[in-house]
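Welcome, and thanks for taking a look at this model with us. Here is a short tour that you can follow with the structure open beside you.

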Amino acid sequence: MAAAAWERFVGHRWLPKAAVVVLAAVLVAAFLLVRSERRDAHNTGVLDTACGGVLPHETVRGLLPGDETWELRSDLDLTGPSGRGPRTLVRCSLDWGEYGGLELAAVPVLDVPLSGVRPGDILSAGIAKEPDWATAYRTATTQVTVGCPAGLPGYPLPVTRFRVHASLHHDDGSEVAGAAKELGTVVTAVADHVRDRGGCGGPAVKPSDVRPGPGRVAESSEESADSDEVPRACRWFRPGMLDGKAWGRDDREPRGFTGDDADVCSLTVPRVKPTNRLDHYAGVTSVSWRGPLLPEARTAYGAELAALSPAPEPKSGEKSYVLAVWAESSCSGGRALSRVRVETAAPALAAGRADRILDAYLASSDCRAVKVLGKVWK
């Protein structure tokens, strides 16, 4: 009976071919299922290992392509007491395809030692070339600077801050759009891991603390055509604030520095209508100190701060006048001490514009609760 059934099956016009197709489909599905299960198991193992195993699995799975095999190209976790302080605290790179990948790193903030807190001292320190590992956060998709009040162990000088930054790219090398929010969760998890292992103390990191890399903010903002030639710390200033004109090719370029604890701008602007033979240029220097630099700034400028007053305008003459205006404020959630110095051969110009220049400077940094301390002529 079985033989007869087999003969009927073999002799059927299309049934044998259909059976072969079904069998092939089943084999292919089984192969794909096994491969998918192996890939998922491999990818889970990668997540369990990468960056000390602290990456939030569900968030990362939502960011990475589920139909690709992820490879852990580099992995390093040197958090906690480990002897000599490392340049990189945590680093991991999850790659797929030719160029696709998630790159994440946590690095200490090693400040360039300052010879002083005056604008010239800070500008000189800002010229120092920082290594690539210390500046990578500037162009990252997301980054956060985290305080470590107790200090990271293993460094010869106190290290009370570190940064975590992350970037995500497609297989073609282009950046994944719209991933910043989810990456913020990943960055937060790694930041808290470094805090806990390093015994930092202080408040926990929140996803709302994470920001785009500062270099990316500058690229996306609507700046003037020559903004790349003007330091970020000086972009708040407009020549018209001192009845000046745009800088020419032969004019001295503005100098600026933007850091976590201070920002400085020093510039001169050519005057449109000089009032005397010394009034061809006016100068402005702005500086703000924050965090650990505040006490030193108050000490360095102690005599000037003690002499602050409403500062009546001096009698005009053919010489250069310097007016310094001081203010305290809250900038980016922290207290700041700011000084704007206006130098000009027209004292009436300095006296009439200094307050507005100070307002524009502080507004550019989103400073609030401003308290003007006074002025002093130099």
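This is a predicted model: local features need pLDDT of at least 70, side-chain atom pairs count only at pLDDT 80 or more; totals for chains, interfaces and linings use all residues.

Residues are numbered from 1 along each chain as its sequence is written, and side-chain values use heavy atoms, with hydrogens and water left out.

**Nonpolar cores**

- V164 is among the residues with the most contacts inside the largest nonpolar core, together with L55, L64, L94, L104, F162 and L168; this core has 38 residues. A nonpolar core here is a set of buried Ala, Val, Leu, Ile, Met, Phe, Trp, Tyr and Cys residues joined through side-chain atoms within 4.5 Å. Buried means under 20% relative accessible area, exposed over 50%, and partly exposed in between (1.4 Å probe, protein chains only).
- Two or more residues of this core come from each of α2, α3, β2, β3 (100–108), β4 (142–147), β5 (161–169) and α6 (180–198). Helices (H or I, at least four residues) and strands (E, at least two) are DSSP runs, numbered from the N terminus.
- The element that gives the most to this core is α6, with six residues.
- Apart from this core lies another, of 30 residues, among them W236, M241, V340 and A346.
- As background, nonpolar side chains tend to be buried together in soluble globular proteins.

**Disulfides**

- A search of the whole structure finds four disulfides (pairs of cysteine sulfur atoms within 2.5 Å). With the bonded cysteines of the chain numbered in sequence order, the pairing reads 1-2, 3-4, 5-6, 7-8.
- One of them joins C51 to C92, with 1.9 Å from S to S. The torsion about this S-S bond is about -90°, so the disulfide of C51 and C92 is left-handed. C51 lies in the loop between α2 (15–49) and α3 (57–63) and C92 in strand β2 (residues 90–96), so the pair ties together parts that are 41 residues apart in sequence. Both C51 and C92 are buried.
- Another joins C234 to C265, at 2.2 Å from S to S. The link of C234 and C265 is right-handed, with 120° about the S-S bond. This pair links distant parts of the chain, 31 residues apart: C234 is in the loop between α7 (214–220) and β6 (255–258), and C265 is in strand β7 (residues 262–270). C234 counts as buried at 1% relative accessibility, and C265 is buried with a relative accessible area of 1%.
- C331 is joined to C367 by a disulfide with 1.9 Å from S to S. The disulfide of C331 and C367 is right-handed because the torsion about its S-S bond is about 110°. C331 sits in strand β9 (residues 321–331) and C367 in strand β11 (residues 367–377), so the pair ties together parts that are 36 residues apart in sequence. C331 is buried, with a relative accessible area of 6%, and C367 counts as buried at 11%.

**The six-stranded sheet**

- Six strands form an open sheet in the order β6-β7-β8-β10-β9-β11, with antiparallel pairing; two strands pair if DSSP finds at least two bridges between them.
- β6 and β11 are the edge strands, each pairing on one side only.
- From one strand to the next, the twist averages 15°; axes are lines fitted to C-alpha atoms, for helices over the stretch in contact, and angles run from 0 to 180 degrees between N-to-C directions.
- Strand β8 (residues 281–290) and strand β10 (residues 334–344) run antiparallel and are joined by eight bridges. G283 stands opposite E343 in β10.

**Aromatic pairs**

- The structure holds six aromatic pairs. Rings of Phe, Tyr and Trp (its six-membered ring) pair if their centres lie within 6.5 Å; planes under 30 degrees apart count as stacked, over 60 as edge-to-face and the rest as tilted.
- W236 and F237 form an edge-to-face pair, 5.6 Å centre to centre with 85° between the planes. Both W236 and F237 are buried.
- Ring pairs link W236, F237 and Y361 into a cluster.
- Y321 and W377 also form an edge-to-face pair, 6.4 Å centre to centre with 85° between the planes. This pair links distant parts of the chain, with Y321 in strand β9 and W377 in strand β11, 56 residues apart. Y321 and W377 are both buried.
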